[in-house]
Amino acid sequence: MQLWNEFPKPTVAVVHGACFGGGVGIVCCADVAFATPDVQFGITEVRVGVAPTPISTHLVNAIGLRHTRRYALTGERFDAREAERIGLIHEVVPADAMEAKLQAVLEAIFLGSPTAIAATKRSFLGANNLLLDARQVSMLAHEGWTQRHSAEGREGTAAFRDKRRAACYKSVGSTST
(Lines give C-alpha, C1' and ligand atoms only; values in the text may rest on other atoms or scores of the structure.)
Protein backbone atom coordinates (compact mmCIF):
# COMPACT_ATOMS: atom_id res chain seq x y z
CA MET A 1 0.00 0.00 0.00
CA GLN A 2 2.84 2.38 0.79
CA LEU A 3 4.35 1.91 -2.67
CA TRP A 4 0.99 2.45 -4.37
CA ASN A 5 0.20 5.48 -2.20
CA GLU A 6 3.60 7.11 -2.73
CA PHE A 7 4.12 6.09 -6.37
CA PRO A 8 5.42 9.23 -8.15
CA LYS A 9 3.08 8.87 -11.12
CA PRO A 10 -0.69 9.41 -10.96
CA THR A 11 -2.65 6.25 -10.16
CA VAL A 12 -6.21 5.57 -11.27
CA ALA A 13 -8.61 2.95 -9.88
CA VAL A 14 -11.59 1.77 -11.93
CA VAL A 15 -13.75 -0.52 -9.81
CA HIS A 16 -16.27 -3.05 -11.12
CA GLY A 17 -18.18 -5.75 -9.19
CA ALA A 18 -17.03 -6.28 -5.60
CA CYS A 19 -14.28 -4.53 -3.69
CA PHE A 20 -13.51 -5.73 -0.18
CA GLY A 21 -10.73 -5.43 2.41
CA GLY A 22 -7.37 -4.79 0.79
CA GLY A 23 -9.10 -3.85 -2.45
CA VAL A 24 -10.68 -0.92 -0.61
CA GLY A 25 -7.18 -0.05 0.63
CA ILE A 26 -5.93 0.08 -2.96
CA VAL A 27 -8.80 2.42 -3.89
CA CYS A 28 -7.91 4.62 -0.89
CA CYS A 29 -4.38 5.01 -2.22
CA ALA A 30 -5.37 5.82 -5.80
CA ASP A 31 -5.10 9.43 -6.89
CA VAL A 32 -8.28 9.14 -8.96
CA ALA A 33 -10.99 6.55 -8.31
CA PHE A 34 -14.14 5.68 -10.24
CA ALA A 35 -16.69 2.90 -9.75
CA THR A 36 -19.59 1.54 -11.72
CA PRO A 37 -23.03 1.79 -10.05
CA ASP A 38 -23.18 -1.94 -9.27
CA VAL A 39 -20.04 -2.05 -7.07
CA GLN A 40 -20.32 -3.33 -3.51
CA PHE A 41 -17.59 -2.21 -1.11
CA GLY A 42 -16.72 -3.53 2.33
CA ILE A 43 -13.97 -3.28 4.90
CA THR A 44 -14.73 -6.78 6.06
CA GLU A 45 -11.57 -7.96 7.81
CA VAL A 46 -13.21 -8.05 11.27
CA ARG A 47 -15.67 -10.61 9.94
CA VAL A 48 -12.82 -13.04 9.36
CA GLY A 49 -11.08 -12.35 12.66
CA VAL A 50 -8.42 -9.90 11.52
CA ALA A 51 -7.83 -6.18 11.73
CA PRO A 52 -7.32 -3.99 8.63
CA THR A 53 -4.11 -2.53 10.07
CA PRO A 54 -2.10 -2.53 6.80
CA ILE A 55 -4.69 -0.21 5.24
CA SER A 56 -5.82 1.69 8.36
CA THR A 57 -3.89 4.90 7.75
CA HIS A 58 -5.04 4.98 4.12
CA LEU A 59 -8.68 4.41 5.10
CA VAL A 60 -8.63 7.31 7.56
CA ASN A 61 -6.93 9.53 5.00
CA ALA A 62 -9.45 8.72 2.25
CA ILE A 63 -12.77 8.54 4.09
CA GLY A 64 -12.05 10.09 7.48
CA LEU A 65 -11.93 8.58 10.94
CA ARG A 66 -15.71 8.62 11.45
CA HIS A 67 -16.53 6.60 8.32
CA THR A 68 -13.52 4.31 8.85
CA ARG A 69 -14.72 3.49 12.35
CA ARG A 70 -18.20 2.65 11.14
CA TYR A 71 -17.31 0.50 8.16
CA ALA A 72 -14.15 -1.15 9.53
CA LEU A 73 -15.76 -2.04 12.88
CA THR A 74 -19.05 -3.33 11.47
CA GLY A 75 -17.84 -4.88 8.21
CA GLU A 76 -21.01 -3.52 6.57
CA ARG A 77 -21.18 -3.50 2.81
CA PHE A 78 -21.93 -0.25 1.03
CA ASP A 79 -22.68 0.71 -2.54
CA ALA A 80 -20.95 2.98 -5.04
CA ARG A 81 -23.14 6.00 -4.18
CA GLU A 82 -22.17 5.71 -0.52
CA ALA A 83 -18.51 5.29 -1.52
CA GLU A 84 -18.79 8.53 -3.49
CA ARG A 85 -20.57 10.31 -0.62
CA ILE A 86 -17.88 9.42 1.92
CA GLY A 87 -15.00 10.21 -0.44
CA LEU A 88 -13.70 6.73 -1.23
CA ILE A 89 -14.28 7.27 -4.94
CA HIS A 90 -14.51 10.47 -6.94
CA GLU A 91 -17.37 9.53 -9.20
CA VAL A 92 -19.88 6.79 -10.02
CA VAL A 93 -19.69 6.21 -13.77
CA PRO A 94 -22.03 3.96 -15.80
CA ALA A 95 -20.17 0.94 -17.16
CA ASP A 96 -20.82 1.93 -20.76
CA ALA A 97 -19.28 5.38 -20.12
CA MET A 98 -16.25 4.23 -18.12
CA GLU A 99 -13.85 3.92 -21.06
CA ALA A 100 -14.56 7.50 -22.16
CA LYS A 101 -14.20 8.79 -18.57
CA LEU A 102 -10.89 6.99 -18.16
CA GLN A 103 -9.64 8.33 -21.50
CA ALA A 104 -10.51 11.90 -20.51
CA VAL A 105 -8.69 11.61 -17.19
CA LEU A 106 -5.62 10.07 -18.80
CA GLU A 107 -5.52 12.83 -21.41
CA ALA A 108 -5.65 15.41 -18.60
CA ILE A 109 -2.84 13.64 -16.74
CA PHE A 110 -0.67 13.51 -19.86
CA LEU A 111 -0.90 17.30 -20.19
CA GLY A 112 1.07 17.66 -16.93
CA SER A 113 4.82 17.62 -16.42
CA PRO A 114 5.90 14.26 -14.93
CA THR A 115 8.39 15.96 -12.60
CA ALA A 116 5.85 18.54 -11.42
CA ILE A 117 3.22 15.83 -10.89
CA ALA A 118 5.62 13.74 -8.78
CA ALA A 119 6.68 16.76 -6.71
CA THR A 120 3.06 17.83 -6.22
CA LYS A 121 1.99 14.37 -5.08
CA ARG A 122 4.92 14.00 -2.67
CA SER A 123 4.38 17.49 -1.26
CA PHE A 124 0.66 16.85 -0.62
CA LEU A 125 1.43 13.59 1.18
CA GLY A 126 4.34 15.06 3.14
CA ALA A 127 2.52 18.22 4.19
CA ASN A 128 -0.28 16.09 5.61
CA ASN A 129 1.96 13.57 7.40
CA LEU A 130 0.91 10.80 5.04
CA LEU A 131 4.36 9.53 4.09
CA LEU A 132 4.95 6.40 6.17
CA ASP A 133 8.45 5.64 7.39
CA ALA A 134 9.90 2.11 7.59
CA ARG A 135 9.07 1.81 11.31
CA GLN A 136 5.40 2.66 10.75
CA VAL A 137 5.08 0.24 7.83
CA SER A 138 6.75 -2.51 9.87
CA MET A 139 4.48 -1.87 12.86
CA LEU A 140 1.31 -2.01 10.73
CA ALA A 141 2.49 -5.19 9.00
CA HIS A 142 3.36 -6.81 12.34
CA GLU A 143 -0.05 -5.94 13.81
CA GLY A 144 -1.75 -7.46 10.77
CA TRP A 145 0.39 -10.60 10.91
CA THR A 146 -0.22 -11.03 14.66
CA GLN A 147 -3.99 -10.74 14.21
CA ARG A 148 -4.09 -13.14 11.24
CA HIS A 149 -2.18 -15.76 13.23
CA SER A 150 -4.32 -15.44 16.38
CA ALA A 151 -6.93 -18.10 17.19
CA GLU A 152 -9.72 -15.79 16.00
CA GLY A 153 -7.83 -14.93 12.83
CA ARG A 154 -7.22 -18.57 11.96
CA GLU A 155 -10.85 -19.52 12.71
CA GLY A 156 -12.19 -16.53 10.78
CA THR A 157 -10.06 -17.32 7.76
CA ALA A 158 -11.15 -20.98 7.84
CA ALA A 159 -14.81 -19.95 8.18
CA PHE A 160 -14.45 -17.59 5.22
CA ARG A 161 -12.95 -20.37 3.09
CA ASP A 162 -15.71 -22.76 4.20
CA LYS A 163 -18.44 -20.11 3.68
CA ARG A 164 -19.71 -20.39 7.25
CA ARG A 165 -19.97 -18.15 10.30
CA ALA A 166 -16.88 -18.25 12.52
CA ALA A 167 -17.48 -20.33 15.65
CA CYS A 168 -15.64 -17.97 17.98
CA TYR A 169 -17.77 -14.87 17.35
CA LYS A 170 -20.68 -13.98 19.58
CA SER A 171 -24.15 -13.41 18.18
CA VAL A 172 -26.11 -10.25 18.92
CA GLY A 173 -27.94 -10.76 22.18
CA SER A 174 -25.65 -13.59 23.27
CA THR A 175 -25.40 -13.92 27.04
CA SER A 176 -22.35 -16.17 27.10
CA THR A 177 -18.93 -14.71 27.86
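Author: A salt bridge is defined here as a side-chain nitrogen of Lys or Arg within 4 Å of a carboxyl oxygen of Asp or Glu. The model is predicted, so local features need pLDDT of at least 70 and side-chain atom pairs count only at pLDDT 80 or more, while totals for chains, interfaces and linings use all residues. Residues are numbered from 1 along each chain as its sequence is written, and side-chain values use heavy atoms, with hydrogens and water left out.

Reader: How many salt bridges does this rule give?

Author: The rule gives 6 salt bridges. One of them joins Lys121 and Asp31, with an N to O distance of 2.7 Å.

Reader: Which parts of the chain does the pair of Lys121 and Asp31 tie together?

Author: Helices (H or I, at least four residues) and strands (E, at least two) are DSSP runs, numbered from the N terminus. Lys121 belongs to helix α6 (residues 114-127) and Asp31 to the loop between α2 (22-29) and β3 (32-35), so the pair connects parts 90 residues apart in sequence.

Reader: Is Lys121 buried or exposed?

Author: Buried means under 20% relative accessible area, exposed over 50%, and partly exposed in between (1.4 Å probe, protein chains only). Lys121 is buried at 8% relative accessibility, whereas Asp31 is partly exposed at 29%.

Reader: Where do Glu84 and Arg81 lie?

Author: Both belong to helix α4 (residues 80-86), 3 residues apart, which is about one helical turn. Glu84 is partly exposed at 28%, and Arg81 is exposed at 52%.
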